[in-house]
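Thank you all for coming. I would like to walk you through one model today, beginning with a term that we will need on the way.

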Amino acid sequence: MESPTSAASRVDFYGFLDRMRRPEAADLFRSIKSFLASLSLDEPSAEADGARVQAFFAEMEAAIRGHPLWADATHQEIDHALEGLEKYIMTKLFDRTFAASPEDAAADAEVSDKIGLLQRFVRPHHLDIPKVLNNEASWLIAVKELQKINSFKSPWEKLLCMMSCCQVINNLLLNVSMTNDRTPSGADEFLPILIYITIKANPPQLHSNLKFVQLFRRETKLVSEVEYYLTNLISAKMFIINVNGHSLSIEESEFQKHMESAKLGTQMSVASPSSSQGLATSTSGLQKQIDAEAGSRFPFMDSETENLTQAELKQLHGLYRKTVTRYTLLSKALRKLSIDEDQLLASVDDS
């Protein structure tokens, strides 16, 4: 699979720009400029813009194939020109067409928040992934590929990130099948791993990236293997949005318990500056937080017992009673939600 940053990718784009700078390409350049200007006159609408862009791509493909500058060009050279055209057009239209509506922003946040909760407790066995397919090294590579998606602005380059992720998974399935003399079961094993990778990666703006590729990648290119991988990633997103206990092979009550625990863990992580660094590995970070708050919330943290006055001991006893009262109320709230305190603390500690 070609990388978005590969030499071939750069040749496509800069080769297209080089030809478009030639005097013979003035008519094509005027067409592009006119299209971009006409689109800017209307209010942004993802679906309408997608239809107009697709129609323009088809129109320009016909123009390029019949243009003197590409008179003797091979099929591959024509394709490279069209890839360059798509990248040029969509880079110009990026701010207008990518995650441009409040609805898209809300959908991105919903997916990302849901994944953030699932990351805290979903493991491979919840998705019925066989142990023989558990390969952290391959999964990490797939995760990194998917996380690159926002580094690029063209539908083609974003799609390449998705494809690279999926091909890592596919290669893992093939290697395991050959090594263990087992028959690959296609989507039955591919999709659960892709869902798990998507949860581990929590790729930025997943909804908007998928929508962007669907609407603005040249339709003639969304076929065969590309279509299969894109469809599976869309399915992974929908699985995450609609996930429940049955989806994860657990009782619904247990699923809800996990979700509530994850929500509380997330809230505690947000409330505690040191948690973002990992409580288990950041004793110094915790100490810095305590030191920073010592003047107000913990006025006696650095005091020696024998140096405390009678008034300070009385104040300290009052703070102790307040702390115990709050802890008791919090414990009752957790029990009411059927959440185990130790499990909750462990989920925060692991984050």
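When I say polar contact, I mean a pair of N or O atoms within 3.5 Å; within protein, one of them must be able to donate a hydrogen and the other to accept it, and residues adjacent in sequence count only if both atoms are side-chain atoms. With that in hand, look at Asn202, where a polar atom of the side chain lies 3.4 Å from the backbone oxygen of Ser112.

Some ground rules before I go on. What you see is a predicted model, in which local features need pLDDT of at least 70 and side-chain atom pairs count only at pLDDT 80 or more, while totals for chains, interfaces and linings use all residues. Residues are numbered from 1 along each chain as its sequence is written, and side-chain values use heavy atoms, with hydrogens and water left out.

As for the overall picture, the protein has 15 helices and zero strands, where helices (H or I, at least four residues) and strands (E, at least two) are DSSP runs numbered from the N terminus. Of its 351 residues, 42% count as buried; buried means under 20% relative accessible area, exposed means over 50%, and partly exposed is in between, with a 1.4 Å probe and protein chains only. Taking contact to mean heavy atoms within 4.5 Å, and looking at contacts between residues at least 6 apart in sequence, 76% join residues at least 24 apart.

Let me return to Asn202, which is found in the loop between α9 and α10. Leaving aside neighbours within four places in sequence, Asn202 is in contact with Ser112, Ile115, Gly116 and Gln119. Its C-alpha atom is 8.5 Å from that of Val111, although Asn202 and Val111 are 91 residues apart in sequence. The loop between α9 and α10 also holds Gln205, which has a positive phi of about 50° although it is not a glycine. For background, most residues other than glycine have a negative phi. Gln205 counts as partly exposed, at 30% relative accessibility.

What of α10 itself, residues 206-216: how many of its residues are buried? The count is 10 of the 11, so this helix is largely enclosed by the rest of the structure. Among the buried residues of α10 are His207, Asn209 and Lys211, as well as Leu210, Phe212 and Phe216.

Now to the helix packing, where α11 (residues 224-241) is a partner of α9 (residues 187-201), their axes coming within 9 Å and crossing at roughly 60°. Axes here are lines fitted to C-alpha atoms, for helices over the stretch in contact, and angles run from 0 to 180 degrees between N-to-C directions. That angle makes α9 oblique to α11, given that angles under 35 degrees count as roughly parallel, over 145 as roughly antiparallel, 65 to 115 as roughly perpendicular and the rest as oblique. The α9 side of the contact includes Phe190, Leu194 and Ile195, and the α11 side includes Tyr228, Tyr229 and Phe239. By class, this contact has 12 nonpolar, three polar and no charged residues, where Ala, Val, Leu, Ile, Met, Phe, Trp, Tyr, Cys and Pro count as nonpolar, Asp, Glu, Lys and Arg as charged, and the others, Gly among them, as polar.

Helix α8 (residues 155-179) also packs with α11, at an angle of about 90° and with the axes 10 Å apart, and the two are therefore roughly perpendicular to each other. Here Leu159, Met162, Met163, Cys166, Gln167 and Asn170 in α8 meet Glu225, Val226, Tyr229, Leu230 and Leu233 in α11. These residues divide into eight nonpolar, two polar and one charged.

I will finish with two residues in loops. Lys221, in the loop between α10 and α11, is partly exposed, with a relative accessible area of 26%. The Lys221 side chain makes a polar contact of 2.9 Å with the side chain of Asp79, and, neighbours within four places in sequence aside, Lys221 is in contact with Asp79, Glu83 and Val226.

His67, by contrast, is buried, with a relative accessible area of 5%, and lies in the loop between α3 (46-65) and α4 (75-92). A polar contact of 3.1 Å joins its side chain to that of Asp27, while a polar atom of the His67 side chain lies 3.2 Å from the backbone oxygen of Glu24.
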